[in-house]
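Student: Could you take me through one part in some detail? I would like a close look at the place where the two chains meet.

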Amino acid sequence: MAAIYRRRYATNFIALTLSGIATLIGLTFLAWILWITLSRGFSAIGVPLFTKITAYADQGGLANAIVGSLLMDLLAILICAPVGVLAGTYLAEYARKTRLGSMIRFLNDILLSAPSIVLGLFVYVIVVLPMTSLSGGSVSFSALAGSIALALIGLPVIVRTTDEMLQLVPGTLREAALSLGIPQWKLTVQVLMRASGSGIATGVLLALARLAGETAPLLFTAFGNNYMAYGPLDKMASLPVAIYQYTNDPNPAMHAIAWAGALLITLFVLALSLLTRLFFARKKVNHD
Amino acid sequence: MNATSLPAEPRDSDQRALRDARNDRLFRLILKCCALLVLLTLLGAAASTLWGGREVLFGHTWEFLTTSDWNPVENKYGALGPIFGTLVTSIIAIVIAVPVSFGIALFLSEIAPSWLRTPVATAIELLAAIPSIIYGMWGLFVFVPFMADHVEPKLSDTLGQLPIIGALFDGPPLGLGILTAGIVLAVMIIPFISSVMREVFQTVPTRLKESAYALGSTKWEVVWDIMLPYTRSAVIGGIFLGLGRALGETMAVTFVLGNSYDIQASLLMPGTSISSSIANEFNEAVGTHRSALIALGFLLFVVTFIVLMIARLMLRRLSRREGN
């Protein structure tokens, strides 16, 4: 065989091998991180974790952080789901080809990967500071501010999914409904949203998976709390912030609790993202 | 108009048409307000950080942007240290992540048998789903000791002895530092870059690839000479997308950077980044210090906004061509 062929085949062989190695590197890191989280998390998990609130050393649990995370995630979804779905509907149904529509779509894509810590600062300036001065200092950091910051993380995810899902609905469905004399709002709410319901639900779940693991925007909005708190104007603990504080502590007993919290979050987020994949898979089958 | 000009009481269907039209306008208005909220969020984030950081941004502009002396006790805020750390860690992350992501995308779109593609692609995308605080913990407790024991001593023994680039790998094997943070960031952005690359590789028309194969090209030649040129702008867009993520990432790097404001040549030495400075110091800061941290946030926002804008514009170019 001519030398040039040998060289070309050798290049090909080396490139393909390297690409296989690159995939192995990616998978190795995934396995490494998951293995560490699972093994260290499971060895630290126990009943006191769910019954005791955060405290020093091995006396501590995560009860207040778990409750805080659940409350703030729920409130965040309650804020961003309606706004996001409506905004996505506007983009898909009223502004599909307009200049305003494409500009909002463009900025939404940027918001999707904007640094979460800056969104935290934003909420600090527009929510925490005004509330502090209005209440004379009795209310400053609050669960409400934390939820708003988290909602800003989830919002672009929901906008984008809703937009894409509604665009998938065939135009004949719209024409059929409109030809019966249905007003457009009724068409949108009762026909289009129903047709793309599972897709929109996927977007909400994706947003929840995304915001549940966020730490940075909570640091200076909800702040953290070593006691149980339920009120929307109280400072509130959350799992990611509690993990952050425990990890910063030199005491190994605190690290064990941090790993247990890390396990809870990781399982929650991974379960959610696998669940959304199932949703998607089912949806694809429906459309075929 | 018709309804009002009717002499007797308007008919039922006319009233309904009027009501529907009014409801439609109202519905559209509500939707539009929600959509404008997205716009407002971005504008608001820029404006509020600019406002919060005005004291430092406008009062000490020069000092803030050109000195590296960050000392809250003496009220000195030179941001060069965090800016340097953010840029260098992100560049390291990109240098590592781009070839690896390209390899993964190549493997998933051309080499792997079809039964293997979905599970491997899902696994790689799960890397993106892991919360960044988990990366931070794994980085601090597992990866930092690993770097300190196994990687960094070897680096300073081999590369560290070379004449010019040796300065980059000089110093004690602390584990913590710029290089470690860059590698953790690389792992975080690999799923983003590789999934964009994989998606755009799938848009290459099959007949283009088959023509090349028919002329006797190897797989590598098809990927390098046919697919990559065809998707070039989107691939660059994907890389910028990863860069945008890396620049703004907070929790993954805060633990492993080592929190030092000194600018050092060696990548093995500790440093800081914009986001980790904010996360570490914000809650203890008051007055000018707090303003300086918000000003850092403004800087970060502007830089990531520009990078992400370039990314989206590059990605959009391919989808437009696809539409033609």
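Tutor: Happy to! Let's begin with a term: a polar contact is a pair of N or O atoms within 3.5 Å, where within protein one must be able to donate a hydrogen and the other to accept it, and residues adjacent in sequence count only if both atoms are side-chain atoms. This is a predicted model, in which local features need pLDDT of at least 70, side-chain atom pairs count only at pLDDT 80 or more, and totals for chains, interfaces and linings use all residues. Residues are numbered from 1 along each chain as its sequence is written, chains are lettered from A and ligands numbered from 1 in the order in which they are written, and side-chain values use heavy atoms, with hydrogens and water left out.

Across the interface of chain A and chain B, 12 residue pairs are in polar contact, both at pLDDT 80 or more. Helix α1 (residues 3-44) of chain A gives the largest share of the side of chain A that touches chain B, 20 residues; helices here are DSSP runs of H or I, at least four residues, numbered from the N terminus. By class, that side of chain A has 55 nonpolar, 20 polar and 6 charged residues, with Ala, Val, Leu, Ile, Met, Phe, Trp, Tyr, Cys and Pro counted as nonpolar, Asp, Glu, Lys and Arg as charged, and the others, Gly among them, as polar.

There are 2 salt bridges between chain A and chain B, each being a side-chain nitrogen of Lys or Arg within 4 Å of a carboxyl oxygen of Asp or Glu. In one of them A:Arg8 pairs with B:Glu221, their closest N and O atoms 2.6 Å apart.

Methods
Helices (H or I, at least four residues) and strands (E, at least two) are DSSP runs, numbered from the N terminus.
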